[in-house]
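Me: I'm new to this one. Can you walk me through it in short answers?

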Amino acid sequence: MQTIDLNCDLGESFGNYKCGMDEEILPCITSANIACGFHASDPLVMQKTVRLAKENQVHIGAHPGFQDLVGFGRRNMSLPPSEITAIVEYQIGALQAFCTANDVTLQHVKPHGALYNMAVKDASIADAICEGIAAVDPDLILLGPAKSQLILAAKKYGLHAAREIFADRAYEEDGSLVARSKPGAIISNQEEALTRVIGMIKYGTVTAITGRKIEVEADSVCIHGDNPAALAFAKSIREALQAEGITPMPMDEVISCV
């Protein structure tokens, strides 16, 4: 049986500012990356999102990012590795408290935005993130792209890792995501997204922004919660996967099957 996790970035509202359609998307996914208060969210949003995930039997992950509410954590920041480790520990700990209060287990950690993209290529940042995760809970799964510095660092620190692909983002030839500032970075056509996702899971390839086919490996498919098409994508991708005989399953169960 072929399985795949469906993850989405959730809990990214803040105060009176509402971002995403968390309540509608949760029934469609298997794992939720919940913002931890640095790039988005606040204590009430975190609490509510953890409770909603539990109600929908969706497994929970921490989504730590740079302390950048104005830039939504998508602006590169220069921090020493020791500070990156500390902010990762801090944010995991914050979400873990809400998980403990609601009697659910924290499943994974997925860095957010610029922190994620920088760690994909920078070994020192990837190491700092994994050091923070391992210090808090070495049983947590790290979510990141296959063959990236993040996955290599996870192995170095003895962490379980899940390999992630993106339904709504274009790829460079080296397997990294096309910068959001470039044309074509966001996949907004639903049929195109479905074709790409099925191809990545079944055949391990995707067409890069240059037109060249590249290899990818997938344990989990990401749908960005702040994408206006997120709900439609989540529903259609789940239906398409099931039609192809691919079973949606939380990432801890997916990687235990590998």
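Me: Which elements each supply at least two residues of the lining of the second largest pocket?

Reply: Helix 4, strand 6 (160-166) and strand 8 (213-215). Keep in mind that this is a predicted model.

Me: What volume does the second largest pocket have?

Reply: About 300 Å³. It is lined by 17 residues, and the closest to its centre are A146, K147, D174, G175 and E215.

Me: How many of the lining residues there are nonpolar, polar or charged?

Reply: The lining of the second largest pocket has 7 nonpolar, 3 polar and 7 charged residues.

Me: And the largest pocket, what is its volume?

Reply: The largest pocket comes to about 490 Å³. It has 24 lining residues, and G113, A114, N117, R169 and L177 are the closest to its centre.

Me: Which helix gives the largest share of that lining?

Reply: Helix 4, residues 113-121, with 7 residues. By class, the lining of the largest pocket splits into 10 nonpolar, 8 polar and 6 charged.

Me: Let's take G113. Where does it lie?

Reply: G113 is in helix 4. Its relative accessible area is 18%, so G113 counts as buried. The cut-off for buried is under 20%.

Me: How many residues separate G113 and P145 along the chain?

Reply: They are 32 residues apart along the chain, and their C-alpha atoms are separated by 13 Å.

Me: Now R169. Where is its place?

Reply: R169 sits in the loop between strand 6 and helix 7 (190-203).

Me: Is R169 buried or exposed?

Reply: R169 is buried, yet it has no salt bridge. The nearest side chain of opposite charge is D168, 5.8 Å away. A salt bridge needs the nitrogen and oxygen within 4 Å.

Me: Which other residue is buried yet has no salt bridge?

Reply: D5 is one of them. D5 lies in strand 1, residues 2-10. Its nearest side chain of opposite charge is R238, 8.3 Å away.

Me: What does the side chain of D5 make a polar contact with?

Reply: The side chain of S31, at 2.7 Å.

Me: Switching to charge pairs. How many salt bridges does the structure hold?

Reply: It holds 11. In general, side chains of opposite charge can pair when their charged atoms come close.

Me: Start with D127. Which side chain does it meet in a salt bridge?

Reply: D127 meets K156, at 2.9 Å from N to O. D127 is in helix 5 (residues 123-136) and K156 in helix 6 (residues 149-156), so the pair ties together parts 29 residues apart in sequence.

Me: Are D127 and K156 buried or exposed?

Reply: D127 counts as buried because its relative accessibility is 19%. K156 counts as exposed, at 58%.

Me: What about E217? Which residue does it form a salt bridge with?

Reply: With R163, the closest N and O atoms being 2.7 Å apart. This pair links distant parts of the chain: E217 is in the loop between strand 8 and strand 9 (220-223), R163 is in strand 6, and they are 54 residues apart.

Me: What relative accessibility do E217 and R163 have?

Reply: E217 is at 30%, so it counts as partly exposed. R163 is at 24%, so it is partly exposed too.

Me: Which residue does R163 meet in a salt bridge at 2.9 Å?

Reply: D219, again side chain to side chain. R163 lies in strand 6 and D219 in the loop between strand 8 and strand 9, so that pair ties together parts 56 residues apart in sequence.

Me: And D219, buried or exposed?

Reply: D219 is buried, with a relative accessible area of 4%.

Me: Which residues are linked in a network of salt bridges?

Reply: D9, K110 and E164 are linked that way.

Me: Last one. Where does A53 lie?

Reply: A53 is in helix 2, residues 43-55. It counts as buried because its relative accessibility is 0%.

Methods. Residues numbered from 1 in each chain as written. Predicted model: local features only at pLDDT ≥ 70, side-chain atom pairs only at ≥ 80, totals over all residues. Heavy atoms only, no water. 1 Å grid on protein atoms, 1.4 Å probe; cavity = no way out; pocket = protein on both sides within 12 Å on 5 of 7 lines; lining within 4 Å. Points joined across faces, edges and corners; volume = space filled by probe spheres on them. Helix = DSSP H or I, 4+ residues; strand = E, 2+ residues; numbered from the N terminus. Nonpolar A, V, L, I, M, F, W, Y, C, P; charged D, E, K, R; others polar. Buried < 20%, exposed > 50% of the residue type's maximum accessible area, 1.4 Å probe, protein only. Lys, Arg positive; Asp, Glu negative; His and termini not counted. Polar contact = N/O pair within 3.5 Å; in protein donor to acceptor, adjacent residues only side chain to side chain.
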